[in-house]
Amino acid sequence: MPAGTLRHRIAFDRREDVDDGYGNTQAEFVEQFVVWGGLQARFGGEAVTAARLSGQQPVTITVRNSSQTEQIKPDWRARDVYSGEVYNIRSIADPTDGGAYLDLLCQAGVAT
C-alpha cells in the first residue's frame, strides 16, 4: 500500500476513569495516540432503535502496524482529527497476514 493512501490523521481514544475534580470518577474517552490512516467508506445502513431511524456508516480504517496500533481493542474508538467524526471500532484484522497493516472495521453514526 502506498504511503499516499494514508491521508487522514486518526486519533485513538480509550475509555478511562477520570477524576471530575469533586472526588468522583467518570468514565471518559482519553486520547492515546494519533497516527496516519486511510478511510474507505462501505455501504451504509439504517437501524431502528426505540422507534427512531438512524443512519449508520461503516468504514474501514487502515493503519500501519506498530507497537502503538497493536494496543487497539474493540472497546476503543477512532476519531478523524480534522473532521471530528467519531467511529466505534467493531473488529480488527490483519488483511494480508503480513503484519504490515491493520484494518479496523468501524461504524460512524452510532452512539458510544
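## Strand 1 and strand 5

A11 stands opposite R79, a residue of strand 5. This pair belongs to a predicted model, in which strand 1 and strand 5 (residues 77-80) run antiparallel and are joined by four bridges.

Strand 5 also has the highest mean pLDDT among the elements of the protein, at 95. The lowest mean, 54, belongs to strand 3 (residues 45-49).

## Strand 1 and strand 2

Strand 1 (residues 8-19) is also joined to strand 2 (residues 25-41), by 12 bridges. These two strands run antiparallel as well. Within this pairing, F12 has F33 of strand 2 as its bridge partner.

The two strands form a hairpin, with five residues between them. In the turn, G21 has a positive phi of about 90 degrees. As a general point, side chains in a regular strand alternate between the two faces of the sheet.

## The whole protein

The protein has seven strands and zero helices. Read from the N terminus, its elements follow the order β-β-β-β-β-β-β. Of its 112 residues, 29% count as buried. The accessible surface is about 6900 Å², and carbon and sulfur atoms account for 48% of that area.

Contacts can also be sorted by separation along the sequence. Among those between residues at least 6 apart, 50% join residues at least 24 apart.

## Confidence

The average pLDDT of the protein is 85. A score of at least 70 is reached by 83% of the residues.

Methods:
Residues numbered from 1 in each chain as written. Predicted model: local features only at pLDDT ≥ 70, side-chain atom pairs only at ≥ 80, totals over all residues. Heavy atoms only, no water. Pairing = 2+ DSSP bridges. pLDDT = per-residue confidence, 0-100. Buried < 20%, exposed > 50% of the residue type's maximum accessible area, 1.4 Å probe, protein only. Contact = heavy atoms within 4.5 Å. Areas by Shrake-Rupley, 256 points an atom, 1.4 Å probe, with all protein chains shown as cover.
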